[in-house]
Amino acid sequence: MRGSTSAGTSRDDSGSQAILNKLKEFHSAGRGFWSDVPDRDWNSWHWQLRNRITTLAQLQRLMPTLTPEEYAGTRLANTKLALAITPYFFNLIDPTDENCPIRRQVVPRIEETTTASWEMSDPCGEDRHSPVPGLVHRYPDRVLLLVTDRCASYCRYCTRSRLVSNATGYDFHPDFGRQIDYVRNHPEVRDVLLSGGDPLLFSDEKLEFLLRELRAIRHVEFLRLGTRIPIFLPQRVTPELVAMLKQHHPLFVSVHSNHPRELTTEVREALSRLADVGIPLGNQSVLLRDVNDDVTVMRALVQKLLICRVKPYYLYQCDLISGSAHLRTSVRKGLEIMEGLRGHTTGYAVPQYVIDAPGGGGKVPVNPDYVVTRNADRVLIRNFEGKIFEYPEAADGTPLVEAPREFEEPELV
Ligand code: SF4
């Protein structure tokens, strides 16, 4: 029967389904260690930022189960990429599980200090495509504005760890005036992405200034914000912020979430506030070892994102950023996950798997081989069940079947 669990469902399938259902449940992050904090403070994004976990002493106190690798990594974090975790996000960590997928993303490890020979400090070659400070012009019709080097929490695999948090002394100083002038003087730029660091860390007024200036440029057709704030700090998505953002349509927001447990009730409400004012939402995930390199986890993530009205947009192969080898998976694993999504769940839920070509080649889509063979006459294709089908090829400009020269006129009624 269509839509039901077939009688032949294996125990493995029903086990995966149970895990999937569990991962798709929405829970609050709760208060954890901060149960005494008044609601007004807990729900204030300023309070959350002021009370971030940023030192080894704080981390040890809150998580006595710190492993030797984490202890050593945290001691050295301030020379590579600072430690910062919002209290809200910290509550998602399971302190009893050293392989907790949330923990692996934000708690430093000693492996970060080892750089493999193929790793780089600027794996996407952004600095080479930066005509003015904080502006990357890599693709023909769009630019990336890096507007800050600060984030609410720091991801241990961050592609821009050379500059975010300023732990390496990069001393990032975007020049808003020159960035805006550059966009103004390049009529081919129709799409501007504000990222960083996280642009939603700006005050509403500062962010509005940038959006207004960019919106006033006639050839800029739409604006985008790249942010992980709705995941790290949903308290920042205030009614005042969304009221301001909706003045600058068309404005798209790309969030960044990697694991279904990040999608809490607080996050779902924050994303709702953005969606309710007509902001199209997309999600970018990074494929990470022991975080989301699993079909069931990824299926739960993409399905849960759709429930939050977020379209899974990109799944990135982890960039070759220095010190990230312990978090990187194989491309083979990425392709296996894509195979497990396409056809097995709603097409809307399937992100595009990409590799950002090392050194600055831009995003390259990577897909499982669904075209088996192809010649001038036919294409052999494979579906998600592995069945092979043949599709006749049309020569350019030639219809597959010639229309008859004579035909009977239909009788007009
Ligand atoms: S939020 Fe984005 S920019 Fe900030 S550390 Fe994470 S990946 Fe890097």
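1. Val371, Ile381, Phe389 and Tyr391 make a nonpolar surface patch of about 370 Å². The model is a predicted one.

2. Helix H14 spans residues 331-341, and its buried residues are Gly334, Ile337, Met338, Gly340 and Leu341. These residues lie on the same side of H14, because they cover an arc of only 160° around the axis. Their cover includes strand S6 (281-287), helix H13 (295-307), strand S7 (311-317) and strand S8 (352-357). After H14 comes glycine 343, with a positive phi near 85°.

3. The whole structure holds 11 aromatic pairs. One of them joins tryptophan 34 and phenylalanine 90 edge-to-face, with 6.0 Å centre to centre and 85° between the planes. The two residues are 56 residues apart: tryptophan 34 is in the loop between helix H1 (11-23) and helix H2 (39-42), and phenylalanine 90 is in helix H6 (residues 87-90). Tryptophan 34 is buried at 11% relative accessibility, and phenylalanine 90 is buried at 4%.

4. Phenylalanine 89 and phenylalanine 232 also form a pair, with ring centres 4.7 Å apart and planes at 90°, so the pair is edge-to-face. This pair links helix H6 to helix H10 (residues 229-232), across 143 residues.

Conventions: Residues numbered from 1 in each chain as written. Predicted model: local features only at pLDDT ≥ 70, side-chain atom pairs only at ≥ 80, totals over all residues. Heavy atoms only, no water. Patch = residues over 30% accessible without salt bridge, like charges linked within 9 Å, V, L, I, M, F, W, Y side chains within 5 Å. Areas by Shrake-Rupley, 256 points an atom, 1.4 Å probe, with all protein chains shown as cover. Salt bridge = Lys/Arg side-chain N within 4 Å of Asp/Glu carboxyl O. Buried < 20%, exposed > 50% of the residue type's maximum accessible area, 1.4 Å probe, protein only. Helix = DSSP H or I, 4+ residues; strand = E, 2+ residues; numbered from the N terminus. Arc of directions from axis to C-beta. Contact = heavy atoms within 4.5 Å. Phe/Tyr/Trp six-rings, centres within 6.5 Å; stacked < 30°, edge-to-face > 60°.
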